[in-house]
Amino acid sequence: MPLSRGALGQWRSRTTFVLALSASAVGLGNLWRFPYLLGEHGGGPFMLAYLACLFLVATPLLIAEVVIGSHGRGSPPVAMRWAADRSLRSRAWVLAGLIACLAGLLLLAVYAVVAGWSMAFAAATVSGEFGAASALEVSNFFGGLVNDVSASIAWISLFIAVVTGIVALGIRRGIGLFVWFAVPAMFALLIVLIDFALTHGDLVAAREFLFAFQTLDFDARSLLVALSHAFYTLGIGVGVGISYGAYSQSRIPIARSVLAVALFDAALAVMAGVAVMPLVFAANVEPGMGPALTFVAMPYVFGNVAEGELYGTLFFVLVIIAALGSTVALLEPLVGALKQHLRLRRLTAAVIAGGALWCLSALAAISLAGDSDPGLPWFRLLDQLATYWLIPLAALMLALFVGWQMQPVLRREQLYRAGPVLYGGWLFLLRYVSVPAIIVILLANLVRYA
């Protein structure tokens, strides 16, 4: 029998719920991945494809997750069990919640490594490490950091300690207070960085890259990447929507709240591109550099412009805050599951989850040092296992359950404030757009890795 409502906590208001989902959605997905994905896949066409996937595929799925959480009032496994029992369905559907928690933990290990790098670069930028540095010098610094296992693990440990502390403080005093700080801070930092980019960047080249419709680098694989990134940035399939929905106040307008989160996420994704790309083009840097765009190109750019140290520091502070928002959101479902299933205190559950995360992140950092396994380092294995397999599988199970197996009266009860058109449109997209899209992702991954 699931624990009673409120056993894990509750947001103070609907606004806190929206801010919490927004903080998890913005994350590293928009600041670390999005700019270089734009570079790799043709800019404008990828932007349009991403926005279409975000609103037509990912948003209905996030609404479905929040519906499960709002109804079940527990961690992903507990909420799924309660929904399955109330719908007179097999408890095997609980597996979706378990897979989501596991996927979140694996993805967390990747996030923690990248966040540790960001903290190291913030410290180096403040100290003037990149002042007048060449691209080669910045690249050597990044390579040295990756290969210095002790330094990497030290930064990872600091980051995980902060995340664990926020989660351990609870829903209101920890996560709730953090998101009220994080979302306005990210927005303000982006505004400042955009102003800097408009002053010092190549606006013409950035405009043509971001908003011109050039299909040369956009193909079927690009569409799949846009779809996967929409899942990645909204936190689909990792239990965030279920957990945060479980803490929401009863009878909130779920559909409109999630749509607001998607709009905010899309706006900040565009803002991130505007903040980064003008500077990249002004420095004659290749926009499709992959992760090196953040950890080589940007430090080089900031190190070679007036007031670059200040704005470079602000850029990495932005990345760190975004990483905290995503990581806190990804850790919370696991902490909730441990707390409810093992009857642990929140502090104990947070320490156990943080310890597991630290072990995986340390292994990921070690695997990258010196190309110890150039074929498939642990870092990439965790990322691929979570992104390509576990997340789509959990999302598919959740979509099938909410769309086809959940009792209609229970589903409608959570979305009673959505009008017939909005409700009908959501259910249609969930059943006939989101589910086929997830199946396409899984089949494409099977073909790719068969």
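Leaving aside its neighbours within four places in sequence, which residues is Asp265 in contact with? Select Asp265 and look around it. The residues in contact (heavy atoms within 4.5 Å) are Ala25, Val26, Asn30, Tyr50, Leu54, Thr233 and Leu234.

Before moving on, note that this is a predicted model, where local features need pLDDT of at least 70, side-chain atom pairs count only at pLDDT 80 or more, and totals for chains, interfaces and linings use all residues. Residues are numbered from 1 along each chain as its sequence is written, and side-chain values use heavy atoms, with hydrogens and water left out.

**Stop 1: Asp265**

Stay on Asp265, in helix α11 (residues 254-282). Helices here are DSSP runs of H or I with at least four residues, numbered from the N terminus. Asp265 has 0% relative accessibility, so it counts as buried (under 20% relative accessible area; exposed is over 50%, partly exposed in between, with a 1.4 Å probe and protein chains only).

Show the side chains. Asp265 makes a polar contact of 2.7 Å with Asn30 and another of 3.0 Å with Thr233. A polar contact is a pair of N or O atoms within 3.5 Å; within protein, one must be able to donate a hydrogen and the other to accept it, and residues adjacent in sequence count only if both atoms are side-chain atoms.

**Stop 2: α2 against α9**

Select residues 44-72 for α2 and 220-234 for α9. Their axes lie 8 Å apart at an angle of about 50 degrees. Axes are lines fitted to C-alpha atoms, for helices over the stretch in contact, and angles run from 0 to 180 degrees between N-to-C directions. The angle makes α2 oblique to α9. Under 35 degrees would be roughly parallel, over 145 roughly antiparallel, 65 to 115 roughly perpendicular, and the rest is oblique.

Color the contact residues. From α2 they include Tyr50 and Leu54; from α9 they include Ala230, Thr233 and Leu234. By class, the contact of α2 with α9 has 16 nonpolar, four polar and no charged residues. Ala, Val, Leu, Ile, Met, Phe, Trp, Tyr, Cys and Pro count as nonpolar, Asp, Glu, Lys and Arg as charged, and the others, Gly among them, as polar.

**Stop 3: α2 against α17**

The contact of α2 with α17 has twelve nonpolar residues, one polar and no charged.

**Stop 4: two arginines in loops**

Most residues other than glycine have a negative phi. Select Arg73, in the loop between α2 and α3. Its phi is positive, near 50 degrees. Arg73 is buried, at 9% relative accessible area. Then select Arg343, between α13 and α14. Its phi is near 55 degrees, also positive. Arg343 is exposed, at 62%.

**Stop 5: Ser150**

Finish on Ser150, in helix α6 (residues 149-168). Is Ser150 buried or exposed? It is exposed, with a relative accessible area of 56%. Its side chain joins that of Asp148 in a polar contact of 2.8 Å. Show Ala365 too: it is 215 residues from Ser150 along the chain, yet their C-alpha atoms are separated by 9.4 Å.
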